[in-house]
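Colleague: I am new to this structure and would like to learn how to read it. Could you take me through some features, one at a time?

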Amino acid sequence: MIQSETLELLEWQRLCQHLSTFAATKLGAIVARNLPIPETQTESQKLLAQTKEVYQLESHLSPGLSFEGIQDIGDSLERAELQGILSGEELLAIATTLAGTRNLRRVIDNQDNLPILTELVSELRTYPELEQEIHRCIDERAQVTDRASQKMGEIRIDLRRIRSQITQKLQNIIQAKSGAVQEQLITQRGDRFVIPVKAPQKDAIPGIVHDTSTSGATLYIEPHSVVPIGNQLRQTIRKEQTEAESIRRALTEQVAAVKPDLERLLAIVTTLDLATAKSRYSFWIGANPPRFINREEQEIITLRQLRHPLLVWQQQHEQGNPVVPVDLLISPNIRVVTITGPNTGGKTVTLKTLGLAALMAKVGLFVPAREPVEMPWFDKVLADIGDEQSLQQSLSTFSGHIRRISRILEALEVGAKHSENSLCQKPIIDRPNASPVQESGVRSQEEEEEEGIKLPITNYHMPNGRLPPTPITNHQSPITNYQSLVLLDEVGAGTDPAEGSALAIALLQYLANHAQLTIATTHFGELKALKYEDERFENASVEFDESTLSPTYRLLWGIPGRSNALTIALRLGLKPEVVAEAKTQVGEASDEVNQVIAGLEAQRRRQETKAAEAQELLRQAEKLYKEVSQKATALEEREKDLRASQEVAVQQAITQAKGEIAQVIRRLQKGTPTAQDAQQATSALNQITEKYQPAPPPKPKPGFMPKIGDRIRIPKLGQTAEVITAPNTDGELTVRFGIMKMTVQLPDVESLDGQKPEPIIKAKPAPAVVTPPPAPVPAIRTSKNTVDLRGKRVADSEYILDKAISEADGPLWIIHGHGTGKLKQGVHAFLQQHPRVSHYEPAEQADGGSGVTIAHVK
């Protein structure tokens, strides 16, 4: 019962009503308005996973999931099971529901990374053959088609023929008796064809009068000649109705045969619609997915910029005032938070906001707070908010609070026992024939006492009394760890302040031992001191702007608040002299405490201002760092591109130089080279070297600098002098004129032709420019530096090689051929140990390749 009261106090039904507006189907809206609250954390996590996957799906899919064609076919299924005959409209609704569900499954199956939704729709059976049969037999007007059966086709042909005969006969009568006819038309009364006849001339057209006009001037007569054909038409229509009923009965039997699968389909579609409504509602209020934490693992409750969802709705949907968010950062060791501050400051709104946030997370909704959203999973949310004063029940304000708090403590005790015995208890099963309950889920006290425990009823009924399909959830996990959230507004109020304060202290200490988290608002100063006596307690307050004499609705942590009752009373119009007298009655001690609190609040505001400035500086620094990083990356890319282009240019130059060198070598190889040819080749190679070798930097042009023995002029003295010592590094030099010697500064002298000397600049020596050596002249193969050993033995070859190496002054080409490879191995072994051979290598392919070895002689 207390949980139902809590839902009412938190206005949970309003939030569910808002959620239902985002549902796409009638069943989805009904379930959303009566949203069941899970009893296990596993179930809540599954619901959250469904919401997250739909949110992810709709963020990539435009315009999102479509539930077009899906209707509430629950009544039709029940009627089919009871052997009733479904109408054409009901059969069409079943067919469109099957088609719409199939489209839903196709959309989900075509997406990746949706394991929960994919598993959910994998159980769907949409019976396309049943849908096709319904569309074959029922047209878009919900009428049985001619092709539904051969007999129906024949009956429809007869009907058209008979109607044509009746129309033709009546048309002939109208033309023959035109003077007696009121209008030249054929109409119907019931299923009989009639013509309008003037009342005075009714005898001109004998027949049966089926109707009369309001004025009595017109009679609607079925001529006697048409009556037999009309009777035949009526009989044929009856045959048509009988055949149509037979066809619809056959379709109804097919529907009844698959009723369990269709009910399962309806439940899955309702679950999808509910998850979609949660996703869209969460997106609309700017909410983020919560993560359930375990405070025993030292995890902090983190709810930054938390907003009241009903106020967000009021702001966006009803053009209300902007919502002021609150920050809730609660350490794992904190069990009780006392919120103090002035009335109308937002204390009660903070309680309701946290309570709704806990419930939203439990049912799979996102929480309207900034990421990350981290909070515990609460078994129960219990609240005492507002005034339960009742004249009918003889309850005062204090009595009403105590009655409700007693029910809260009883629920905590029952919940603890239930947690201990949950593994031994049988699961509670909803009885289909249970009596209807109110939307709030309130049961009588007798029923609760009979069951021995108090758990909320989550059954809900449609207007016709039929239970809608329950969303697909997991009810198997037992409660293993009972944890609750308790919200108390104005705890201990409504009685003597001393006794109320003592009662509030005892109550909060009890809750610190028996509840996961308790948030309480109060005006008692004694409760503010609990933080300094017990580390499980924390203080918070709502801010009050003394400059505007109005609350800011911001929540301040760690600082107890002031009630500011006298200031608020003055703002609300109470006479100043009354307020002044009240201030004198408060006492100096209270005034000193208020001054201390005011100083703490001012210090906190200064810290928040500095923190905001630091945050802004950090944001600017991050922005600047990002810009610099982007520019550095761009410069690196540009440098890389330039280096690559330079490497390409160098490679091209090297390739071209090699080509020109190869041309010189080929010219020398065409015939027996002479000294003149070698000189020309050397000259050509030097030209190639000068062409591709970078030019050395130009030498600086020397300026005027006095040297020993030079004659210079000293303008300041008006004398010419002879330089005895050259200027030193400080620009001083010694001169002599006549018999005098003196030291002067370099800027004070000039040449005889008026040139000023260049100043001596003390600079670090410039790095030496390393001029690359000239390109080496490539070795040219001639008959003199080529030895042919083919056909020789290894021993003979060594003698020949030793002689050739001693006479060689450059590379030596040794032709040994391939053969068995022994001669090649012997040559290489000899070259490897010869002291004058620095290294050897196989020749180019054009010079014989591996059949020729080039030995480089030192």
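This is a predicted model: local features need pLDDT of at least 70, side-chain atom pairs count only at pLDDT 80 or more; totals for chains, interfaces and linings use all residues.

Colleague: In what sense do S15 and strand S16 pair, and over how many bridges?

Modeller: S15 and S16 (residues 719-725) are antiparallel partners over four bridges. Ile712 stands opposite Ala721 in S16. The hairpin of these two strands has four residues between them, and there Gly718 takes a positive phi near 70°. S15 also pairs in the antiparallel sense with strand S19 (residues 750-751), over two bridges. On that side, Ile712 stands opposite Ser751.

Colleague: Now strand S7. Which residues form its covered face, and which its uncovered one?

Modeller: In S7 (residues 326-330), Val326, Leu328 and Ile330 make up the covered face, while Asp327 and Leu329 make up the uncovered one. Strand S6 (residues 301-306) runs antiparallel to S7, and four bridges join them. Leu306 stands opposite Val326 in S7.

Colleague: Let us move to the core. Which members of the largest nonpolar core touch the most other members?

Modeller: The largest one here has 61 residues, and Trp12, Tyr281, Leu303, Val367, Leu487 and Ile519 touch the most other members. Helix H13 (residues 347-362) gives the most to this core, with eight residues. There is also a second, separate core of 44 residues, with Leu27, Ala80, Leu104 and Ala244 among them.

Colleague: What does Leu303 touch, not counting residues up to four places away in sequence?

Modeller: Leu303 touches Val326, Asp327, Leu328 and Leu329, and also Leu354, Val367, Val373 and Met375.

Colleague: How many aromatic pairs does a search of the whole structure find?

Modeller: The search finds six. To read such a pair, look at how far apart the ring centres are and at the angle between the planes: under 30 degrees counts as stacked, over 60 as edge-to-face and the rest as tilted. The rings of Tyr55 and Phe366 have centres 5.4 Å apart and planes at 45°, so this pair is tilted. The pair links distant parts of the chain, 311 residues apart: Tyr55 is in helix H4 (residues 41-60), and Phe366 is in the loop between H13 and strand S9 (370-375).

Colleague: Are Tyr55 and Phe366 buried or exposed?

Modeller: Tyr55 counts as partly exposed, because its relative accessibility is 28%. Phe366 counts as buried, at 2% relative accessibility.

Colleague: How are the rings of Trp284 and Trp313 placed?

Modeller: Their centres are 5.1 Å apart and their planes are at 55°, so this pair is tilted. Trp284 lies in helix H11 (residues 259-284) and Trp313 in helix H12 (residues 309-317), so the pair ties together parts that are 29 residues apart in sequence. Trp284 is partly exposed, with a relative accessible area of 27%, and Trp313 is buried, with 7%. Phe22, Tyr281, Trp284 and Trp313 form one aromatic cluster.

Colleague: Which residues are buried in H12?

Modeller: They are Pro309, Leu310, Val312 and Trp313. Seen down the axis of H12, its buried residues fall within an arc of 155°, so they line one face of the helix. Those buried residues pack against helix H2 (12-20), H11 and H13. After H12 comes Gln319, which has a positive phi near 55°.

Colleague: What about charged side chains: which ring does Arg189 lie over?

Modeller: Arg189 lies over the face of Tyr220, at 4.0 Å from the ring centre. Lys362 lies over the face of Trp377, at 4.8 Å from the ring centre.

Colleague: And Lys259: is this residue buried or exposed?

Modeller: Lys259, which is found in helix H11, counts as buried at 8% relative accessibility. Leaving aside neighbours within four places in sequence, Lys259 is in contact with Leu77, Glu78 and Glu81.

Conventions: Residues are numbered from 1 along each chain as its sequence is written. Side-chain values use heavy atoms; hydrogens and water are left out. A nonpolar core is a set of buried Ala, Val, Leu, Ile, Met, Phe, Trp, Tyr and Cys residues joined through side-chain atoms within 4.5 Å. Buried means under 20% relative accessible area, exposed over 50%, partly exposed in between (1.4 Å probe, protein chains only). Contact means heavy atoms within 4.5 Å. Rings of Phe, Tyr and Trp (its six-membered ring) pair if their centres lie within 6.5 Å; planes under 30 degrees apart count as stacked, over 60 as edge-to-face and the rest as tilted. A charge sits over a ring if NZ of Lys or CZ of Arg is within 6 Å of the ring centre and within 35 degrees of the ring normal. The arc is that of the directions from the helix axis to the C-beta atoms. Two strands pair if DSSP finds at least two bridges between them.
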